[in-house]
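Look at the structure below, then read the points.

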Amino acid sequence: MLVKLSANCQVAGFAIATVGWILSGISMGLVEWRMWYMNHPLLASSGVTSVGMWRVCIYNHESNTSKTKMCYRYTYHDDFLPPNICVGQHLLLAANILGLLGKAFIVLALRNVYMGILQKNVTCNPFVASGILNITASSCILIVVLWNYYSIISMEGIEFPLSFHVPFKPDVQEVGSALIVATLAAFLLLLSGIIFLSYTFPLDIQVHPEV
């Protein structure tokens, strides 16, 4: 009975980790990390710029009915990217890989529990491994979120190429939807990691030796 209850709790943690991992991947694809609003008479008249981790999209309102959009995907040769974007790209990639590994470990752990082959004194506890991986992934995402949030509240600018027709700093800078999605992903991965680390081995679990 204790085995089932504890395992069911870990299944809930697995579901939470899965949602967090999916949201982490979604946040990587979204461009709305930092929203720039500008009203520059020469560069971007009544324009909106979405600054993402992998690309930037510029929306210009040329008239009441006309709206143009131009997106540019970053490359490794772009030297205008600030450190929060360059480092953030690697941290988000690491978070997704760690989250995937965490899912693999928890699947193995749940399989062992339901088959009754998990031992308390195993050298590598898959529950602990999954918990550590998910918490580490959450930390990576949280660093990116906090770094970008600091860039927003401190009104840090980006020296985009002149061909983008975007000023160094916007008139108004706000948090984008991608930042909110990433924050939720970090919270869910952290919560799942705590659940996995809190797993207790029931004393009445049976060990089935291999024949």
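Asn 125 caps the N-terminal end of helix α3, with a side-chain oxygen 3.0 Å from the backbone nitrogen of Phe 127. The model is predicted: local features need pLDDT of at least 70, side-chain atom pairs count only at pLDDT 80 or more, and totals for chains, interfaces and linings use all residues. Residues are numbered from 1 along each chain as its sequence is written, and side-chain values use heavy atoms, with hydrogens and water left out.

**Helix α3**
- Helices are DSSP runs (H or I, at least four residues), numbered from the N terminus, and strands are E runs of at least two.
- α3 has 28 residues and reaches 40 Å from its first C-alpha to its last, close to the 40 Å expected at 1.5 Å a residue; the expected span is 1.5 Å times one less than the number of residues.
- After α3 comes Met 155, with a positive phi near 55°.

**Surface patch**
- Tyr 149, Tyr 150, Ile 153, Val 175 and Ile 180 form a nonpolar patch on the surface (residues with over 30% relative accessible area and no salt bridge, nonpolar side chains joined within 5 Å; a salt bridge is a side-chain nitrogen of Lys or Arg within 4 Å of a carboxyl oxygen of Asp or Glu).
- Together they have about 510 Å² of accessible area (Shrake-Rupley method, 1.4 Å probe, only the protein chains shown counting as cover).
- Helix α3 gives the most to this patch, with 3 residues.

**Cores**
- The largest nonpolar core has 36 residues, of which Trp 33, Val 51, Ile 141 and Phe 160 touch the most other members (a core is a set of buried Ala, Val, Leu, Ile, Met, Phe, Trp, Tyr and Cys residues joined through side-chain atoms within 4.5 Å; buried means under 20% relative accessible area).
- α4 gives the most to this core, with 8 residues.

Technical notes: Patch = residues over 30% accessible without salt bridge, like charges linked within 9 Å, V, L, I, M, F, W, Y side chains within 5 Å. Polar contact = N/O pair within 3.5 Å; in protein donor to acceptor, adjacent residues only side chain to side chain. Buried < 20%, exposed > 50% of the residue type's maximum accessible area, 1.4 Å probe, protein only.
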